[in-house]
Amino acid sequence: MASLRVLELARANQAYVAFASSGGAIYGEASAGPQGEDHPERPLNPYGSAKLAVDAYLRAYRHQYGMDTCSLRFSNVYGPRQRRGGESAVVPCFCTAALRGEPLRIIGFGQTDT
């Protein structure tokens, strides 16, 4: 609902909307790698489904009202102040291990059981 409120406010004020969407969460499991932008959208959790829904609303508002919108599907975003914990911390964990000369640890085969 919050995204729809933002879209309505943007429409009323003729504002541009740029949405920080998600890369992997929207596409789900890769059918083959690497994944391109034409990979089927098959979210596997509520987070990915919500991001995909907002992407659909952006397209609808662009078509229905001629609004300028943009959805950016970021993947593995990281930066200098990112904490190492959490599910999205693979990049800083790998970077830290590599800088220390430690092995890059992958548990299992790097795949998700579905």
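This is a predicted model: local features need pLDDT of at least 70, side-chain atom pairs count only at pLDDT 80 or more; totals for chains, interfaces and linings use all residues.

I looked up the partner of arginine 11 and found a salt bridge with glutamate 8, whose closest N and O atoms are 3.0 Å apart. Glutamate 8 has 31% relative accessibility, so I list it as partly exposed.

**Entry: the other salt bridges**

How many salt bridges did I count by this rule? The count came to three.

Arginine 73 turned up next. It bridges to glutamate 41, with the closest N and O atoms 2.8 Å apart. Glutamate 41 sits in the loop between H2 and H3, and arginine 73 in the loop between strand E2 (69–72) and helix H4 (90–99), so this pair ties together parts 32 residues apart in sequence.

Arginine 73 also forms a salt bridge with aspartate 55, where the closest N and O atoms are 2.7 Å apart. Here the aspartate is in helix H3 and the arginine in the loop between E2 and H4, so the parts tied together are 18 residues apart in sequence. Through shared partners, Glu41, Asp55 and Arg73 join into one network.

Is aspartate 55 buried or exposed? I have it as buried, at 3% relative accessibility. Glutamate 41 is partly exposed at 37%, and arginine 73 is partly exposed at 25%.

**Entry: serine 22**

I then went to the loop between E1 and helix H2 (24–27), where serine 22 is found. Its relative accessible area is 8%, so I count serine 22 as buried. The serine 22 side chain reaches the backbone nitrogen of alanine 25 at 3.5 Å. Beyond its neighbours within four places in sequence, serine 22 is in contact with Tyr47, Lys51, Leu72, Arg73 and Phe74. I was pleased to meet Arg73 again here.

**Entry: the nonpolar core**

Last, I looked up the largest nonpolar core and wrote down its eight residues: Leu7, Ala10, Val17, Phe19, Val54, Leu58, Tyr61 and Met67. H3 gives the most, with three residues.

Not counting residues up to four places away in sequence, leucine 58 touches Leu7, Val17, Phe19, Thr69, Cys70 and Ser71.

Key. Residues are numbered from 1 along each chain as its sequence is written. Side-chain values use heavy atoms; hydrogens and water are left out. A nonpolar core is a set of buried Ala, Val, Leu, Ile, Met, Phe, Trp, Tyr and Cys residues joined through side-chain atoms within 4.5 Å. Buried means under 20% relative accessible area, exposed over 50%, partly exposed in between (1.4 Å probe, protein chains only). Helices (H or I, at least four residues) and strands (E, at least two) are DSSP runs, numbered from the N terminus. Contact means heavy atoms within 4.5 Å. A polar contact is a pair of N or O atoms within 3.5 Å; within protein, one must be able to donate a hydrogen and the other to accept it, and residues adjacent in sequence count only if both atoms are side-chain atoms. A salt bridge is a side-chain nitrogen of Lys or Arg within 4 Å of a carboxyl oxygen of Asp or Glu.
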